Amino acid sequence: MSPLWCYLTVSALLFCIGLAGALTRRNAIMVLIGIELMLNSANLNFIAFWRFSETPETQTGLMFALFSIAIAAAEAAVGLALIITIYRHFRTANVDKVEEMKG
Amino acid sequence: MLGTGILKGMVETAKNFAGSYHDPERLTTVEYPEQRIASKENARQFPFLVHDTEDPMKGLRCVACQICEKECPPQCIYIVKSKDKRADYKGQMQFYPATFDIDLSVCMSCQICVEVCPFESIKMDTEFELSNTDRFGGLLVNKHQLAKSNEHYRKIHPTEAAASDAALAVEVAKAQAKAKADVEAKAKAAAEAKTKAEAAAAAGPVGAPASAPAPKPSSPAAAPAA
Amino acid sequence: MTFHDLAYDAGKTDFHRKAQPVGQGREGELLEVAMGPQHPSTHGVFRMDVVLDGETVVKLKPVFGYLHRNHEKIAENTSYLGSMPYTDRLDYFCSLTNNWAYALSVEKLAGLQVPERAEYIRLITAELTRVLNHTCLAGFLLQDMGALGTPLMYAFREREKILDLIESLTGARMMCNYMRFGGCRCDLPAGWLDAAKKVVAEYPKFLDEFDALLSGNEILMARTQGVGKLSAELAINAGITGPMLRASGVDYDLRKVDNYGIYSRYPFRVPLGDHGDVYDRYMIRMLEMRESLKILEPALKDIPEGPVVDPKAKLRGFRPKAGEAYGRIETPKGELGFYLISDGSPNPYRYRVRPPSLINLTILEDMCLGQTIADAVITLGSVDIVLGEVDR
Amino acid sequence: MPLETPEQIKARAEAAVPGAQLSVVKNDSPCAQHSLLVDVEHAYAVAQFLRDDPQLRLDYCSNVTGVDFLDAELSEKVKVKKVVDGVEKEVEEVKKTKRAGYLEVVYHLYSMSMKHGPVILRQRTPGRADPVKVTSLTPLWRSCEFQEREVFDLYGVLFDGHPDLRRILMWDGFKDYPMRKDYVEPDDYEYEPTPHDDVLEKAKAHRAAQEVKA
Amino acid sequence: MAELFAKLDALPVTLKHLLLGLLPGATPEWLVAVVSAVLSITPILAVFPLMFALTTVIERKGLGRIQNRIGPNRVGIPLTDIRLFGFGQFIADGIKSLIKEDVVPRAADKVVHFLAPIALLIPVLLTYSVLPFGKNMVPLDLPQTGLLFFFAVGASTELSVFMAGWSSRNKYSLLGAMRAIAQMVSYEIPLILSALTVVMIAGTLSLPGIVESQTELKFGFLYTWHLFTPWGLVGFFLFLTAAAAEANRTPFDLPEAESEIIAGYFTEYSGFKFAIFFLAEYLGLFAMCGLGITLFLGGWLPPVKLAPFTWVPSWCWFLGKLSALIVLFIWLRGTLPRLRTDQLMGFAWKFLLPMTLINLVVAALWHLSANSIPLVARWPLCFAMLAIPYWLLGRGFEAKFTKREYRFAN
Amino acid sequence: MTLPFAIIAGLTVGSAVAAMSLRNMVHCALSLVLTFAGLAGLYLQLNAEFVGLTQILVYVGAVSILIVFAILLTRSTEPKDEPSTVTPWVGISVAVGAFLTMALAVLASPVGKRIAAPAPEVSVKTLGQKLMTDYVLPLEVMALLLTAAMLGAVIIAMREKEGK
């Protein structure tokens, strides 16, 4: 089995890919995808640290990961609903073009 | 309650499923090339030409009057009249079709040609398996393909054929009666002429040859059976 | 509610739908779909240009003419008799009623009388045709609703029996070309009446079976009730006829109104719907079939002996005097009218078909707006169109 | 209540719509469906009167038709007084009048509420050359919508006030009006060997012309 | 005698061990594992596609009979008159779909269009890996997560459907894909919830474990299938309804409603790719049925522990039950028209979801009252607790439509 | 580093790169699904079967569908929607910087060398028991959050009635 650093590196890579995407892409959905990637990389960290911890029986890492997945689902639902509403209003999903915040 | 209508329907389909194995009412399809549903007597598909003799071309009843060609709604009949005449079934000299084509790809089986024909010479066939690989040439049929015997007609439409035969018999009888009358009239005229001539001869020597007897009508090609 | 309360108050309502720009500001969200001309449920070569918002129809334009062969022009270049087989091909499900409508118009134009026996034969064949058409329509409608062919096959099983009758009478199953000006082409063959009586007597059994199969089905009711609604006022104004009009609650059946043929001799009821939706149209047709059977039963007993065609009617060289006539009858799909102008020649000067299918399509968009694409399909199915007649 | 005669309707309509000129067109056929000819300007008002009049209530327009009448020579037998050989005589003479062609649009109106009809309404264009215009009755009866489109499509009659006057049966790029009596059909038949040689010849000629062009 | 039948029952397992035993002793462990997996997979890949092939013929024949037709009965052995009652049809169909032209629309996203059928078939096949087909016959025993695996893998088919619909660049395909996704997502919830009742009672996610939980005997001979409880009975039908929707079967076949949207998401597929869609759809249905059998119908158990029933091998019981359910679906297909999109959604959210939730509660009650209330009272009580909501929820739907009376003029 | 890990990790990272860089957004979403699936594979490798399968159920089965729907509803499939006005280099360099920092930390830390203990005995039963006892408060909060999110999403996305 691979040592812990492998998982942590993969997780860091995913996080940075997500970060880079969220910073460079202009479409709100792409930003959201980037954020999802970052969340997932955190999850991988939770699981990896749980697996390599001295006391895996406590299952804390697993619990965190489960809750994180649930939060991510909620976040995706609300975020995408917002994007759709913004699109309806401004006819674009480009974050740069949506400047005014008043409805 | 929700679902009862669905259950009822399912019972109905189940009945039909079971019924299809034992109830002929519930399995109405037939397996076509092997099994065939008998054709209805009135059924019509495409026209054919009736002939009365062994040689189809000689016995065609058609006299190329071109009424059907004119009346045909989709204009699928094409007739060329012959140059010469020949005797028809009742002995009258008639034209005959030099060409008689029907484009079956255009024909709509409406039977109007049959209705308007005064000579009982075009009738509807019941042949329907006419599929052909040649869309144009294969469905353009000429008089050789169209000619079918009166026996065929009697076989496919017995009732209609009997009526047609009867009508023809009447025609023939009329023609014969007329011919007979003609002969008699001519004979009578000849006799009168003779008596006149005799009287004239008695009166003076004027030579008048007796008129030749009228040509004997050729017997009907096929005496229609009643 | 009597009919006069319903009668339409003209000054106040404008029934015409103005061409409205659809979905302004929401261009990206709308989906424009051309349903047809190659589509499983357009009943022929027919197209509906539909604009969808999700699954909701926001615009629907019927497009047809794919089958247009200019029947009217052909008829103007053909003799009166020569048009008869062409009428078969208008509504190819009901060629006998088409024949009758045309024959009736020519008889009006030329003043021909129809012998008693021929009138009976016309009535019997027309009602058989009505039963046949409604049976098939029910099958097609349910097919559109997704009932994988089962109702359609049952309908075709029964239709076959009537088609057999028609074939043994006229020689053809669908393109009958049977009626003539002043009567019918030929007399009934031997044993035909008994066969017809048997079919008519057994038909209610099938209707009961069909009712058990589907009329009470929850899915059918949920799919059809409240779908494709048509108000009585709009139906009248848009010239809708036939079962569709009666499903909207308007009592207008030409068999009663015009009293053509010998319909006045047989009491039958005209079923009326109150909602004008697809379910009403379906049920009205089911009920009309039962009423038709009620006409058929005594008519098959009463039919007198006699000639079947007016001896004065000429087959060839038929030339009505100059004039014009509009004759119409109640075909299974609605009012089929023929408008003929004669100038004394063997061909009609003007020959016009008033096709019920075409005019019943006028309000297709009104019925479908705001409903889903699935509803549009069954609404079209309930209008009961035949493209041979729409396009002519 | 029986339907009024066309004459009665004409009188009432002329009274109700000032300026309207109606005339009764006689129909000689045994069914005697006479019709009312209305001038194009007042057609809408007259039609509205027919539809809304409580005695008529023609709420249902069943049929809309175009009819094409070509320029024609009408021959009439007239008795003319003439001096023949110094004596005045009454002589029958065939008088020929030229009638300019026109297009007609015929509306068959019925009443669903009163269950009577038909009242036949005709509009006539002044000539056959463009523009041939009549008044659209679609705003009064929805049922005219497709039928007027059809008349437009096949006869080229323009309907003033029709909301959606497009070709309906022919395709959009089609130029001619095929139901007109002087319509000449194109010779570009699909090449199909029919028994009628003239069709074949025409098709062949057309193909040859096409090939020359190409 | 009984021993012989037991041997017959264990025949597939014995065969596998026999074949594994043929490997030389020095074979590395991973290779043994691979061979063992292949030996487990091969029967699945052989039996179920064959079953699919036979089902297509049986379905057509059955529908034909329902519709008063004969159905396919021609194709048999080529060049002879032997017709095999038309069961050669599927071979002909297979050959035809193989040699048919594969049409890809010019505007299509070629890569995704190509991947979609594969991406659909693989998860569907994966679901079979956790189904127990017979005693000791489960290819992949996941004691902790068996059912979760089934649903997780099954859920990924939605994406493949979307891929097919979107990549075709056809509006009908897109509409079909949208419908399919909306429908599958909505019906997954009642599906999982109705399966959850069983998990709750059995106390395990392992599918063989669930079957084991039904092996207790009542009255000394009757197996305690979950179907024989009120919540199981209702739950089974709820499960079947949701499964029909998941598998796009009538009356929930909206994603491929031919009268509305041609063929839905696979409008633009032809030839072999279409055949794969077809195969995946049927395999999905079989998997759903297999899961339903495992959860409610006692898996590979016979209904009673009596002599002639126990002689039949367990895997035959499984396949027999599967065939019965397939026949039921064919029967439904021959009878019913289809629902409309909004009605479909309404049915999932307003009827199935509440019913499954109530069923969950009733199952808990049934479990807890096991010792306090006698069976004679417990059964009607729990059943009433389900029947009343069913009636009430059904009323909510029936209020929207009624059987009508018609009036007649004169 | 074992071979299965390398394959899965390579797939995950590769598809993540594709998910963030492809022009066509549907392709991005599909690559993202691959990333999710790869992550689930990593979880399974780490003996977290339950979380791994939940990951597939939630992310592949639900979240990706949401994303795809949002892409279609906003008509973002056409690349023309996205002219890269801002130079992407700033974002990329920030990300690379972040990665280098983290990677250095990971590699320098002794924790990274840790070798896994033998697979812990985790049963779903204990997981469930823990959820219902130790973690019952977060669970309830999560339930509330999910309900609120669902309602919120529905209300936000519900189209305003025409003309109002």
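How much area do chain F and chain A bury between them, and what share of it is on carbon and sulfur atoms?

Author: The model is a predicted one, and in it chain F and chain A bury about 6,900 Å² between them, with 76% of that area on carbon and sulfur atoms. The size of an interface is often given in this way, as the accessible area lost when the parts come together. On the side of chain F, F:Met20, F:Leu46 and F:Arg114 supply 11% of the area that this chain buries against chain A, which is more than any other three residues supply. Counted by residues, the interface brings 81 residues of chain F into contact with 74 residues of chain A.

As for polar links across this interface, the rule finds zero salt bridges between chain F and chain A, while six residue pairs are in polar contact, both partners being at pLDDT 80 or more. The side of chain F that touches chain A draws at least two residues from each of helix H1 (3-21), helix H2 (25-45), helix H3 (49-73), helix H4 (89-108), helix H5 (124-132) and helix H6 (136-157) of chain F. Of these, H3(F) gives the most, with 12 residues. Sorted by class, this side of chain F has 60 nonpolar, 14 polar and seven charged residues.

Nine pairs of chains are in contact, and among them chains A and F share the most contacts. Chain F has no contact with chain B, the closest C-alpha atoms of the two lying 30 Å apart, and chain F does not touch chain D either, their nearest C-alpha atoms being 25 Å apart.

Chain D has four helices and nine strands, and along its sequence these follow the pattern α-β-β-α-β-β-β-β-β-β-α-β-α.

In chain C, by contrast, the radius of gyration of 21 Å agrees with the value near 21 Å for a compact globule of 392 residues. The secondary structure of chain C comes to 16 helices and nine strands, and its C-alpha atoms fill a box of roughly 70 × 50 × 45 Å along the principal axes.

Over all chains the count comes to 81 salt bridges, and one of them pairs C:Arg352 with C:Glu72, whose closest N and O atoms are 3.7 Å apart. Because C:Arg352 lies in strand S9 (residues 350-354) and C:Glu72 in helix H2 (residues 71-76) of chain C, this pair ties together parts that are 280 residues apart in sequence.

Another arginine of chain C, C:Arg89, is found in the loop between helix H3 (84-88) and helix H4 (95-110) of that chain. A polar atom of the C:Arg89 side chain lies 2.7 Å from the backbone oxygen of C:Pro85. Leaving aside residues up to four places away in sequence, C:Arg89 touches C:Arg69, C:Met175 and C:Gly388, and also B:Met108 of chain B.

Chain B itself has a mean pLDDT of 80, with 89% of its residues at 70 or more. Over residues 206-226 of chain B, however, the pLDDT is below 50, and this stretch has 17 contacts in the model beyond near neighbours in sequence. Where pLDDT is low, the predicted coordinates should not be read in detail.

How values were computed
Residues are numbered from 1 along each chain as its sequence is written. Chains are lettered from A and ligands numbered from 1 in the order in which they are written. Side-chain values use heavy atoms; hydrogens and water are left out. Contact means heavy atoms within 4.5 Å. Buried area is the accessible area (1.4 Å probe) that two parts lose on being put together, summed over both. A salt bridge is a side-chain nitrogen of Lys or Arg within 4 Å of a carboxyl oxygen of Asp or Glu. A polar contact is a pair of N or O atoms within 3.5 Å; within protein, one must be able to donate a hydrogen and the other to accept it, and residues adjacent in sequence count only if both atoms are side-chain atoms. Ala, Val, Leu, Ile, Met, Phe, Trp, Tyr, Cys and Pro count as nonpolar, Asp, Glu, Lys and Arg as charged, and the others, Gly among them, as polar. pLDDT is the predictor's confidence in each residue, from 0 to 100. The radius of gyration is taken over C-alpha atoms; the globule rule is 2.2 Å times the number of residues to the power 0.38.
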